Amino acid sequence: MGTIEDIESSRSSSLTTETEEIDEKDEIVRFDNVHKTYLIGASGIAVLRGIDLRVNRGEFVAIYGPSGSGKSTMLSVMGTIDRHSKGDVFLFGKKAGLNATDKILANLRLKDIGFVFQAFNLLPSLTAFENVELPMLLAGKPKKERIARVYKLLDRVGMLHRTKSFPAQLSGGEQQRVTIARALANRPKLLLMDEPSGDLDTKNTDLIMDFLLELHEKQKITMIMVTHDVGLRGYADRVINIRDGRVAGDMKIDQDQRMRMRKNLRQQVLRSRREETGWMSSTDSSESFGGVRTELRAPTDYGTVYATQESCS
Ligand SMILES: Nc1ncnc2c1ncn2[C@@H]1O[C@H](COP(=O)(O)OP(=O)(O)OP(=O)(O)O)[C@@H](O)[C@H]1O
């Protein structure tokens, strides 16, 4: 197994495209006896105390546990925002060694990992459109592709009518929806979310969860979500309990129950979208999840947008 530095040199050959067949057993995240200790003055706070964990490609994992148990720290280490103190972290099959440079890690985050973290706020001087466009700009994507994708993503999070608004002009929930669109801009292989529904009402939580599940189902994007919301955990494949910096439970969700919840969610979202004023979509609802064809007619800051889409890809 190589190191994360090897990713840059092998990027063109080793990374999958969205149309490529994906081996679902690929290991996306692996923690071997991972420790994290924060130093405050002369003393240390042991926050992660020997985490062993494997997450395979295409899994949707929910993480819960008491406040202060180390959930956010674990996500930060997974996302290479924070470095672990001891043990081994592997991402996409490569070792994230403690000697990986900041530049290599920043590039990895930009291209392969999407973040929905409260600490990753939207940039206040950029509009919603520009915030979502930014990661693609940094990754050197062509303008035409950037514009099309920003519209698609903002539509899917129900924010197409606010493309020109600045974060300060949006509610907390609306900002969160733009943050989710931004996290997906570069089609990450791994999506890390810390309380993604934190500021959202039920209707918007449903909308976002439906969108995330569609991505998960159609593109096999690997998702890891910290949430206190028991209802949201039921949509995951697997639920992990963290206590005192250790894995205290790791449980598979019953698939029949999960599919029932998923079906109810899809129906609820389709109903809401039909009722929405100012955001009209006529939806041919095939019962297969993610197989929905949407004809969209929406007034936006840039005039009325007409679009037909199978789903957001
Ligand atoms: N940068 C830091 N420096 C020092 N201590 C930190 C730092 N970040 C987190 N901690 C401490 O680590 C512990 C775990 O924090 P963490 O945010 O990971 O918990 P959590 O399980 O996500 O909690 P919550 O559910 O309340 O968000 C807490 O005691 C916190 O104060």
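Residues are numbered from 1 along each chain as its sequence is written. In this predicted model, local features need pLDDT of at least 70, side-chain atom pairs count only at pLDDT 80 or more, and totals for chains, interfaces and linings use all residues.

Reader: How many helices and strands does the protein have?
Author: Helices (H or I, at least four residues) and strands (E, at least two) are DSSP runs, numbered from the N terminus. By that count the protein has nine helices and 13 strands.

Reader: What percentage of the residues of the protein count as buried?
Author: A residue is buried if 20 or more other C-beta atoms lie within 10 Å of its own, exposed if 12 or fewer, and partly exposed in between, with C-beta atoms placed from the backbone. The protein has 313 residues. The buried share is 37%.

Reader: Are helices H4 and H6 roughly parallel or roughly antiparallel to each other?
Author: Axes are lines fitted to C-alpha atoms, for helices over the stretch in contact, and angles run from 0 to 180 degrees between N-to-C directions. The axes of H4 (residues 128-138) and H6 (residues 172-183) come within 8 Å and cross at roughly 25 degrees. Angles under 35 degrees count as roughly parallel, over 145 as roughly antiparallel, 65 to 115 as roughly perpendicular and the rest as oblique. H4 and H6 are therefore roughly parallel.

Reader: Which residues of H6 make the contact with H4?
Author: Two residues are in contact if their C-beta atoms, placed from the backbone, lie within 7 Å. H4 brings Ala-128, Asn-131, Val-132 and Pro-135. By class, the contact of H4 with H6 has five nonpolar, one polar and one charged residues. From H6 come Val-178, Ala-181 and Arg-182.

Reader: Is the crossing of H4 and H5 left-handed or right-handed?
Author: The axes of H4 and H5 (residues 143-156) come within 9 Å and cross at roughly 130 degrees. H4 and H5 are therefore oblique to each other. A crossing is left-handed if the near helix is turned anticlockwise from the far one by less than a right angle, and right-handed if clockwise. For H4 and H5 it is right-handed.

Reader: How are H7 and H9 set: roughly parallel or oblique to each other?
Author: H7 passes H9 (residues 255-275) in a left-handed crossing. Their axes lie 9 Å apart, at an angle of about 120 degrees. H7 and H9 are therefore oblique.

Reader: Is Phe-92 buried or exposed?
Author: Phe-92 lies in the loop between strand S4 (86-91) and strand S5 (94-95). Its phi is near 50 degrees, a positive value in a residue other than glycine. Most residues other than glycine have a negative phi. Because 22 other C-beta atoms lie within 10 Å, Phe-92 is buried.

Reader: What is the phi of Lys-220?
Author: Lys-220 is found in the loop between helix H7 (202-219) and strand S8 (222-226). Lys-220 has 18 other C-beta atoms within 10 Å, so it is partly exposed. Its phi is positive, near 55 degrees.

Reader: Which residues does Glu-59 touch, not counting residues up to four places away in sequence?
Author: Glu-59 sits in the loop between S2 and strand S3 (60-64). Glu-59 and Ile-224 are 165 residues apart in sequence and 8.1 Å apart in space, C-alpha to C-alpha. Glu-59 touches Thr-222, Asp-237 and Arg-238.

Conventions:
Nonpolar A, V, L, I, M, F, W, Y, C, P; charged D, E, K, R; others polar.
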